[in-house]
Amino acid sequence: QALSEITRMGGGGGRGGEMRARPLSERRTDLHSFCNPSDFHRSPYLSARGNFATLFCGSTEEGYKAYHADKYDEDKNPNGIINFGTSENKLCFDLMSKRLTQTDMNLVEPPLLQYPDWKGHMFLREEVARFLTYYCKAPAPLKAENVIVLNGCGSLFSALATVLCDPGEAVLIATPFYGGITQSIFLYGNVKLVYAYLDSKITGTSTRPFQLTVEKLEKALQDARAEGVTVRALILLNPQNPLGDIYSLSELRDYLEFAKRHELHVIVDEIYMLSVFDESATFHSVLGMDRLPDPQRTHVMWGITKDFAVSGIRFGTLYTENQDVANAVASLCYFHGVCGPVQHKVAQLLRDRDWINQVYLRANHARLKAAHTYVTDELKTLGVPFLNRNAGFFVWIDFRKYLRTGTFEEEMLLWRRFLDNKVLLSCGKAFECSEPGWFRIIFADKTHRLQLGMQRIRKVLEEREQEILAEEKEQPCQSDQDGKADSTDEVIFVSRHQDPTSAGTSNLGDLIGLLQQQMRSSDWLQKNTAEQFA
């Protein structure tokens, strides 16, 4: 059925409004892939599920394969692709390689070479419980019996979707979101995603662009139920990928209370919790809350992939007080286990609190902040709006002014233009963004790659700007009459996360940057009149 729907619908990459108007079932299927169904051919060697799995070779996978076939290397391949698309921290290899090769890491005992408890070796689960108690600021010690270890958070998403939902049921998530969740949820468990669409405009109760509110969750849930879709769970990403938002305690409580009212499980992914690199921002873990509204339906994920810059070591952990859920997930750990020697290394790493606090986190946060500052300063110079956040490895960038027609097809063409110029980014459709033209850039990289990558980005944008000017001279642009908002009208440029109580204070440098960006726009004065400012 899914294959026939995709073939019938065609490529379908139109405007965000058209996309939202379609039924949920079609919309979810349509956005699962960037593949053009006209190019798709069923394989007689595959099942229907196998054929559908081949459709998941969208821009993320396409760009990733291109990068691995033509990796940038300063000496061996200086004209290769620079990867600003994959969310990896490449700033701390020196620290991690030194720590992971110390003598206490190299232990090989018989128990490590044999099958473990499928939930993970108890020595590791105890260490994870202590680690999360400390860094999540839990009000009481967390228990090892509630810890499960798998080979990465992707496996955890797959396992949780499988045990919480029946095939054809759904999980609620706000867009834009990390697109890998789609594959994790759908390919194994045949569980769908229902989207609560966030956008850049600040309306209603919103105080910042792309803000998640309970009202938006309620609407998405009711729309799904009206179409007969059963929603079993809510996914929260905190810090959020790709936006970089960090949810306040009051926001977290509101989301959890919403889930409790509707008897939804809540899967909270906190994989970037130690990658908050600015002291002005404070991360609040769900595990640090004094009281969870529904502890038996709250499940928290974390892993070392992001916070410890070791994406090649597949390790993720789940904390849940619900032993039914824990045991069901554990039954799938047989397929997703972590090998014994790696479990030993992770336990040694997590218990070395002095090294983590005094050496690693200090250096990592300083490096992340410096890299973030470099990239955002370059964006300011280019006059490109973006969300200025203090967590994760990414910046959410507004390239809408480089799209003349404002469609996802045009977004895709711009993405390919970057790739042709040997820089890999992630476009908004990979995150199910409802507004064409948003891109995610990864900044957690070495200075020389950041400099060269930004040069290549600048070249593409300048060429595109000249093309649009030439097109406008030949044919007046109609998009301005279509109600497409200028990004500067939405207060997105270097906007910071501010609590309502501090909303009156602004950074002077940010305001100057906003004004400079606006002044550079050729028709800015015509669009932004004194009446509009009033």
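Select Glu 471 and Arg 404: they form a salt bridge, with the closest N and O atoms 3.4 Å apart. A salt bridge here is a side-chain nitrogen of Lys or Arg within 4 Å of a carboxyl oxygen of Asp or Glu. Glu 471 lies in helix α17 (residues 447–474) and Arg 404 in the loop between β10 (394–398) and α16 (408–420), so the pair ties together parts that are 67 residues apart in sequence. Helices (H or I, at least four residues) and strands (E, at least two) are DSSP runs, numbered from the N terminus. Arg 404 is buried at 13% relative accessible area, while Glu 471 is partly exposed at 28%. Buried means under 20%, exposed over 50%, and partly exposed in between (1.4 Å probe, protein chains only).

The model is predicted: local features need pLDDT of at least 70, side-chain atom pairs count only at pLDDT 80 or more, and totals for chains, interfaces and linings use all residues. Residues are numbered from 1 along each chain as its sequence is written, and side-chain values use heavy atoms, leaving out hydrogens and water.

Next, select Arg 400 and Asp 398, whose side chains meet in a salt bridge (3.0 Å, N to O). Both residues are buried.

Move to helix α15 and select Asp 377 and Lys 380, three residues apart, about one turn of the helix. Their side chains also form a salt bridge, at 3.9 Å from N to O.

Finally, select Phe 418. Beyond its neighbours within four places in sequence, its contacts (heavy atoms within 4.5 Å) include Phe 399, Phe 439 and Ile 457.
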